[in-house]
Amino acid sequence: MTPSRSAFAALLAKDLRTELRTMRSLPAMVLFAVTTFIIFRYGLDRTTLSGSLAGGVLWTTLLFAGILGINRIFVSELEEGGFDAIRLAPIDRTVLFTSKASALFIYLLVLEAIVVPVFALFFLPDWSALIPLLPFLLGANLGFAVLGTLISSMAVNSRARDLLVPLLLLPLVVPLMIAVTAVSAGLFDAAGPDYEGFGTWLLVVGLYDGIFLLVGYAVFDFLLED
Amino acid sequence: MTGRGLKTLSIATVLFLMAGFALVFLWVPMDADQGFKQKIFYLHVPLAIVALLGFIAGGIEGYRHLRSGDRRHDANSYVFIHISVVFGVAVLVTGAIWAKASWGYWWVWDEPTLVSFLIVFLLYCTYYPFRYAIEDRDRQARYASVFAITAGAFVPLNFMAVRMAESVIHPRVFATSEGGLPDSMLLTFLVCFVGMGLLWITLVKTEMVGKKVSGQVSRLRRTLHDDGTGGGSVGGRIAPSVESN
């Protein structure tokens, strides 16, 4: 194993272990998402959802629940001196970026593993759309994770930390949300899944992820310099 | 960057803009569909294009700042984005006026370019609170550059996504883009575009000169107060200052 890769594995394992022991982010994210579904149930006054309404409710909830996790992803590093440790360690600093993005990706995956079935249980008469939704969940997770890591690492060192993350992140994820909600509107169609534009939107999500992965990888080093 | 050339630049700006508007109101033929109200096109579209180019230029300057560590590039990036945000307000206002005149509503969601512009504008509005929230000046400059690069990469991506989401075919006047414009309209548009670009450059330059002067003043004041009383600084800790060479 190269030094970078072992550092990556160590950092990721550290993050996951911390989360398992403290349960600081994930339970809050899940609770938030489920409660939001209930708010939507009364806000929209619907007991079942289909089409663009279903897609909108699902993705908005996932996005906002994700922001809770994104807000916290670097807080422990700041409070416990993790940033200084990374700066002192003889490793490539981008490792912190990839490990944090991977941790966030895993958090989002766990969140969805719980919340999407709950969503289906609450609102969907027909569950057949969930399988084709999978690549979009993964793609959107990657985008959220990469951008969230980048934004969170910027915001955590500022005075208005919790305020800045949603402020910066929401406009940036609009293209991603356009893609995933557009495809979900078809997949959740009341008459059964409609695959129109499936490939094109998947391409958009992939392009989006690729661009911000490159940007994040290129600029992250400068966020740790001090 | 000094105040030299600012006068010439200002005169050129005024001449180009006046020529442009003279062409708009006196020479270019009325649009067959929209008539007189189409003339806001010559104000709205150049403003929008210049603002977007300014955002992207701000990202490039941010990149150069990270590469070289030269604070002047950060100052450039800040001023580029700042002036482009000001232009952005004008774009949204003229866009709303045009929408009201054409379609009867102040805001239309099925006009992808306008919606994309709003998203980009909102993103760049967060540049200020973000910058202000970071106290350390070096870190502020670095983080702002990272923001400028990220947002610069986001601009084209966002336009693509919003346009793709527009499945409804909307009767857009300039759907064929510049290639579909008659020569007279194209010429007028280009004159207005150059004028607007010059206006942007003039404003950027003015802002830079202002920053430099306020930087010099605060330095002088610091020197004056350096007799043990402790100096106050002028010129704001928020915006990047430009060191004179």
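This note goes through a predicted model chain by chain, then the contact between the chains and the confidence.

1. Conventions. Residues are numbered from 1 along each chain as its sequence is written, while chains are lettered from A and ligands numbered from 1 in the order in which they are written. The model is predicted, so local features need pLDDT of at least 70 and side-chain atom pairs count only at pLDDT 80 or more, whereas totals for chains, interfaces and linings use all residues.

2. Make-up of the chains. Chain A has nine helices and zero strands; chain B has seven helices and zero strands. Helices (H or I, at least four residues) and strands (E, at least two) are DSSP runs, numbered from the N terminus.

3. Overall form of chain A. For its 226 residues, a compact globule would have a radius of gyration near 17 Å, and the 18 Å of chain A agrees with this. The radius is taken over C-alpha atoms, and the globule rule is 2.2 Å times the number of residues to the power 0.38. Along the principal axes, the C-alpha atoms of chain A fill a box of roughly 60 × 35 × 30 Å.

4. Of the 226 residues of chain A, 45% count as buried; of the 245 residues of chain B, 36% do. Buried means that 20 or more other C-beta atoms lie within 10 Å of the residue's own, exposed means 12 or fewer, and partly exposed lies in between, with C-beta atoms placed from the backbone. Among contacts in chain A with a separation of 6 or more, 84% are between residues 24 or more positions apart. In chain B, 77% of the contacts between residues at least 6 apart in sequence join residues at least 24 apart. A contact requires C-beta atoms, placed from the backbone, to lie within 7 Å.

5. Helix H2 of chain A. The 19 residues of this helix (residues 26–44) should span 27 Å at 1.5 Å a residue, and its end C-alpha atoms are 27 Å apart, which agrees. The expected span is 1.5 Å times one less than the number of residues. Which residues of H2(A) are buried? They are A:Leu26, A:Met29, A:Ala33 and A:Phe40. These cover an arc of only 55° around the axis, which puts them on the same side of H2(A); the arc is that of the directions from the helix axis to the C-beta atoms. They pack against helix H1 (3–22), helix H3 (51–72) and helix H6 (94–123) of chain A. The other side of H2(A) has exposed residues, including A:Pro27, A:Leu31 and A:Tyr42. Just after H2(A), A:Asp45 takes a positive phi of about 55°.

6. Contact between the chains. In the model, 25 residues of chain B are in contact with 25 residues of chain A. On the chain B side, helix H4 (112–125), helix H5 (127–132) and helix H6 (137–165) each supply at least two residues. The largest share, 15 residues, comes from H6(B). By class, this side of chain B has 19 nonpolar, three polar and three charged residues. Ala, Val, Leu, Ile, Met, Phe, Trp, Tyr, Cys and Pro count as nonpolar, Asp, Glu, Lys and Arg as charged, and the others, Gly among them, as polar.

7. Confidence. The model scores ipTM 0.82 and pTM 0.83. pLDDT stays under 50 over residues 175–179 of chain B, with one contact beyond four places in sequence. It also stays under 50 over residues 230–236 of chain B, with 18 such contacts. Where pLDDT is low, the predicted coordinates should not be read in detail.

Note on methods: Contact = placed C-beta atoms within 7 Å. pLDDT = per-residue confidence, 0-100.
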